[in-house]
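Please examine the sequence and the model below.

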Amino acid sequence: MPTAHAHGPSERDNEADPVAGSTPPPPLDSPRAAFSLLAAVQITLIFALTLVTVPLPIIGRELDVPQSGLILISAGYGLAFSGLLLFGGRLTDRYGGFRMFVLGLTVFLVASVAGAVSPGFGALVAARFAQGAGAALAAPAAVAVLRALFPDPDRYGRAMATWGGLSVIGATAGTLLSGVVVTWVSWRWLFLVPVLVALFGLLLARRLLPEASPAGRTALDVPGGLLATAGISLLSYGVLASEEHSWSAPAVLGPLTAGVVLLFAFVAVEARVGEPLLPLGFLTDRERVTGLVALTLTSAGTALTFVIIALYLQGVRGWSPMVTSAAFLPYAVALIGTGRVAGRLIASLGARRVAAVGLAIAGVGALLLATLEPRGGFATGVLPGMILLPVGAALSFAATAVLITATAPRRQTGLAGGVMNTAMEFGASVGLVLLVTVATSRTAHLAGDGSAQAVATTSGYAWAFAVSGVLYLVWGGVLALAGPRRVPERAQAQ
């Protein structure tokens, strides 16, 4: 049984609640301080994912990188992150959350330093892939450490409700900060954030975090890990390559086909191996599956908002990167404010209902953004949707984190963290590109009919938001109509 804390069971239970509201500053060795450290790392892992999004054109000019190379710089982190998360989760279950957290954070730190000093394209791509690999080890390990930190099921559920909203905070911070940094200093300074957080994380981990016992020395499913990593990475890359090539081009069709074949092979291997990387029964839990779909859709929709609104404000409206970043401040305020109350709502209404309400609110916000016009007012045409959408997304992220992890046995906590983060990254990469494809198809159609470029582009953006909004509302309805199911107490005790 994992210990509650490295210093023994804590008698400061009220301090340990990460959603307790306004409380005195915690002692350095309190569980709340440990949660704060884990939260800072999780936010930074997602911050690093969006780190190069705004300065990508500047990086291309400085390092003389073609468009295809920019895709690799942008996607390299996400490809390694999403592809290795399942394997990282199982390594956590085998070797223990603390050990894998430290290892992942070390890799992440070294890769972040390498990214900051990269002399050219190849070095930067390698650094981004290594960053993603370190994140794939650290993210599921942090979830396992979190469960050891809060062994009580109720408090663990409240902690996961807060945890679910951290990733989108990281993405928002990346969007806000990157515009400021590239305006005043070099894009290389953006790597300073992950360097400092990883360094402090490693320095404080031994003092703050519990050394939870691993689930057991079970055999590692190496063939399954290789198939899952290669399949997810190739499928994601094929979808990302569609931004530059047509869907029928070999550069897109080849990776897509190979990725699908490898994932089918992965399922076949998992059905036969004695100790699979991903037990297929893990995905038969109704609450978990509906939560994973909702998390994927929410990740895709929020990523779409960052990309499309940034493109719209800079490309159509002519705003500067710094002013564009400032436009996301209301988004950030709505997101963080809602995250503060999401845990209490889940405790009183249940995770499934809160997820359904969150998707409905996000759907309305996306449909409001579907009314974008080339010269419409920001306060009336953009701001309402940019407030409602993060309110709904924050509720959905918090609730789906609980749905996905609540029934996972302790011996599969790392796996649950890996699956949850995989769904999040899949939505933010593959789901985003599919929605952007809707936008580009609509834009190309209108441009071919002779519409002005600004009109055609804005209409494409609006269509992407409309599709996103409909998907939110449909799946929110599925969650609302799904029958309630009590979480078995034995699942928490295993």
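The largest cavity has a volume of about 40 Å³. The model is a predicted one. One cavity of 30 Å³ or more is present in the structure.

**Lining of the cavity**

Which residues line the largest cavity? They are Val54, Thr175, Ala310, Gln314, Pro321, Thr324, Ser325 and Phe328. By class, four of the lining residues are nonpolar and four are polar.

Two helices each supply at least two residues of the lining: helix 12, spanning 286-316, and helix 13, spanning 321-326. Helix 13 gives the largest share, with three residues.

**The protein as a whole**

The fold is built with 20 helices and zero strands. How much of the protein counts as buried? The share is 55% of the 494 residues. Contacts were also sorted by separation in sequence. Among those between residues at least 6 apart, 82% join residues at least 24 apart.

The accessible surface comes to about 19100 Å². Carbon and sulfur atoms hold 69% of that surface.

| Item | Value |
|---|---|
| Volume of the largest cavity | about 40 Å³ |
| Accessible surface of the protein | about 19100 Å² |
| Buried share of the 494 residues | 55% |
| Carbon and sulfur share of the accessible surface | 69% |

Technical notes: Residues numbered from 1 in each chain as written. Predicted model: local features only at pLDDT ≥ 70, side-chain atom pairs only at ≥ 80, totals over all residues. Heavy atoms only, no water. 1 Å grid on protein atoms, 1.4 Å probe; cavity = no way out; pocket = protein on both sides within 12 Å on 5 of 7 lines; lining within 4 Å. Points joined across faces, edges and corners; volume = space filled by probe spheres on them. Helix = DSSP H or I, 4+ residues; strand = E, 2+ residues; numbered from the N terminus. Nonpolar A, V, L, I, M, F, W, Y, C, P; charged D, E, K, R; others polar. Buried < 20%, exposed > 50% of the residue type's maximum accessible area, 1.4 Å probe, protein only. Contact = heavy atoms within 4.5 Å. Areas by Shrake-Rupley, 256 points an atom, 1.4 Å probe, with all protein chains shown as cover.
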